[in-house]
Structure formats: C-alpha cells, structure tokens
Amino acid sequence: VYLPEGGAIQTDPNPEQVMVAKSLEDRIKMGKVTYTQNCAACHQPDGKGIKGAFPPLAGSDWLNKDKARAIQVVKFGLTGEITVNDNVYNGVMPAFAAQLNDAELAALLTHIRSQWGNSGAPISAEAVAAVRSATAGQSGPYHGDAALHAIP
C-alpha cells in the first residue's frame, strides 16, 4: 500500500514499494488502510474490540500513555491476560514486525492514537526505528499484564 504524492491510497503489486506520506493527514490515511487490513477483524472497525478477547483501542487507558510500549506490542505481539479500561482480556495479539516496515507501523499507530477518543501524539518512523534498535534482543510476544507494564 502506498500513497503517491498528490494521489490516492493504492495497492501496489511490487512488494518493495514503500508507503510515502508527506503530511500527518496522509500518514493517518495510510494507517487506516493498514488498520483495516490487519487489525479491524479483532479490534473491530470502530476500535471497540471484542469483550473478553480483544481489548478496545478506542479510549484505551494504556494506548496513549506510552508510545514505545504501543510500538513494542504491535511489533512483538501479546498473549495472556491483560486489563484494559478495568476489563480483563485474554486473546492473542500477533506480532507484525515482519509484515510492517517502520513507516507502516508508525502510520498505523498514528491512526489508532488519533481516532475514537484517543489523543496520543503521532508516531514517526524514526521513533519506531529507535524502538526496533533498542529491542533487538526481544524474541516472541510479551505475556500478560506484568510483561506489558514492565516494557521500558
């Protein structure tokens, strides 16, 4: 998926094509496409999740609190019981590090953090790259609340 300068979001058959966005609005649009393709089935198109299984991203009490933690959860995944907005969820969040490059992950999180009552600051590809570098030794998903809250 990419956004040519001055154009609409398009799917490119070339897997090496990198998403390009000049403005925050473009990044949010690209993030919405990535969200729809990869996240909406579990977290729902409205970000409200599925009770007991997949936590809401809409109004999430931890999503806006720490952008590095949000990046890490999307990169590495999460399993086990977690508490979001005082409700317990026990689903499996897959890792997206292999599917999404830094720009795509940044656009995805920028979209999520700007929707559904969230007020998180945009996330840059550089911030994702910094987290990627800092977590080079991480393998596998995080497990449960304790791991989620221990993320540096």
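Cys-39 is buried, with a relative accessible area of 9%; buried means under 20% relative accessible area, exposed over 50%, and partly exposed in between, with a 1.4 Å probe and protein chains only. The model is predicted: local features need pLDDT of at least 70 and side-chain atom pairs pLDDT 80 or more, while totals for chains, interfaces and linings use all residues. Residues are numbered from 1 along each chain as its sequence is written, and side-chain values use heavy atoms, leaving out hydrogens and water.

The cysteine sulfur closest to that of Cys-39 belongs to Cys-42, 8.5 Å away, which is too far for a bond. A disulfide is a pair of cysteine sulfur atoms within 2.5 Å, and the structure holds 0 of them. Cys-42 is partly exposed, at 28% relative accessible area.

Next come the aromatic side chains. Rings of Phe, Tyr and Trp (its six-membered ring) pair if their centres lie within 6.5 Å; planes under 30 degrees apart count as stacked, over 60 as edge-to-face, and the rest as tilted. The count by this rule is 2 aromatic pairs. Helices (H or I, at least four residues) and strands (E, at least two) are DSSP runs, numbered from the N terminus. Tyr-35 counts as buried because its relative accessibility is 2%, whereas Trp-116 is partly exposed at 25%.

Phe-76 and Tyr-142 form an edge-to-face pair, 6.0 Å centre to centre with 85° between the planes. Here too distant parts of the chain are linked, since Phe-76 is in helix α3 and Tyr-142 in strand β4 (residues 142–143), 66 residues apart. Both Phe-76 and Tyr-142 are buried.

The largest pocket holds about 330 Å³ of space. On a 1 Å grid over the protein atoms alone, a pocket is an open set of points where a 1.4 Å probe fits, with protein on both sides within 12 Å along at least five of seven lines; lining residues have an atom within 4 Å of a point. Its lining has 28 residues, and the closest to the pocket centre are His-43, Pro-55, Leu-57, Val-73 and Met-93. Elements giving two or more residues to the lining are α2 (40–43), α3 (67–76), β1 (78–79) and α4 (102–112).

How values were computed: Points joined across faces, edges and corners; volume = space filled by probe spheres on them.
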